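Biologist: Can you walk me through this one? I'd like to know what stands behind the words you use.

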Amino acid sequence: MISWPAELPQYMLLEGQQSGLGDGRIRSQNDDGTAKVRRRFSNVPRPLSGTMLMSYDELQTFIAFVEDDLSGGTLPFELPSQVDMETWVVQFAGEMPSWTRVGPKFSVKFDLVILP
C-alpha cells in the first residue's frame, strides 16, 4: 500500500475539515405512505474533505506523489487518521486536489473518501 509522504504535512487544518457517514441505503418509493428504506451495502466509503498548508517545495512533492505514485490520483493510499493515531486508507473522490496561494504558502484543498 502506498503511504502519504513523511515530508508532507500529516494533518489537515481543523477549520473547514469535514467528514460524515457513507450512505449504504437504498430507498424504494411506495404507492402510498413513506418510502421503504433498507441497507444496500454494509461497507461504504465515508467522505473527508479539508485543506493543508504547504510550502512551495512541499507542493512540488505532493504533485509528484499524486502524478507518479498514485498514477494521476487513481490509486488508494494510506493517510494518517485525522482524529486518532490510526491510519486510514483513502482515495481521491469527485474532484482532484486544488490549491491557492496564501502568502508564502499554498492552501491545498482535498476531496477524499475513507475506504472501508
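**What's behind the labels**

Biologist: Why is L14 called exposed?

Modeller: L14 has a relative accessible area of 75%. Exposed means over 50%, buried under 20% and partly exposed in between, with a 1.4 Å probe and protein chains only, so L14 counts as exposed.

Modeller: By the way, this is a predicted model, where local features need pLDDT of at least 70, side-chain atom pairs count only at pLDDT 80 or more, and totals for chains, interfaces and linings use all residues. Residues are numbered from 1 along each chain as its sequence is written, and side-chain values use heavy atoms, leaving out hydrogens and water.

Biologist: What makes W4 and F62 a tilted pair?

Modeller: Their ring centres are 5.9 Å apart, with 50° between the planes. Rings of Phe, Tyr and Trp (its six-membered ring) pair if their centres lie within 6.5 Å; planes under 30 degrees apart are stacked, over 60 edge-to-face and the rest tilted. W4 lies in the segment before β1 and F62 in helix α1, so the pair ties together parts 58 residues apart in sequence. Helices (H or I, at least four residues) and strands (E, at least two) are DSSP runs, numbered from the N terminus.

Biologist: And why are F62 and F110 called edge-to-face?

Modeller: Their centres are 5.4 Å apart and their planes at 80°, so that pair is edge-to-face. Both F62 and F110 are buried.

Biologist: How do you know that the charged end of R46 sits over the ring of W88?

Modeller: It's 5.8 Å from the ring centre; the rule asks for NZ of Lys or CZ of Arg within 6 Å of the centre and within 35 degrees of the ring normal.
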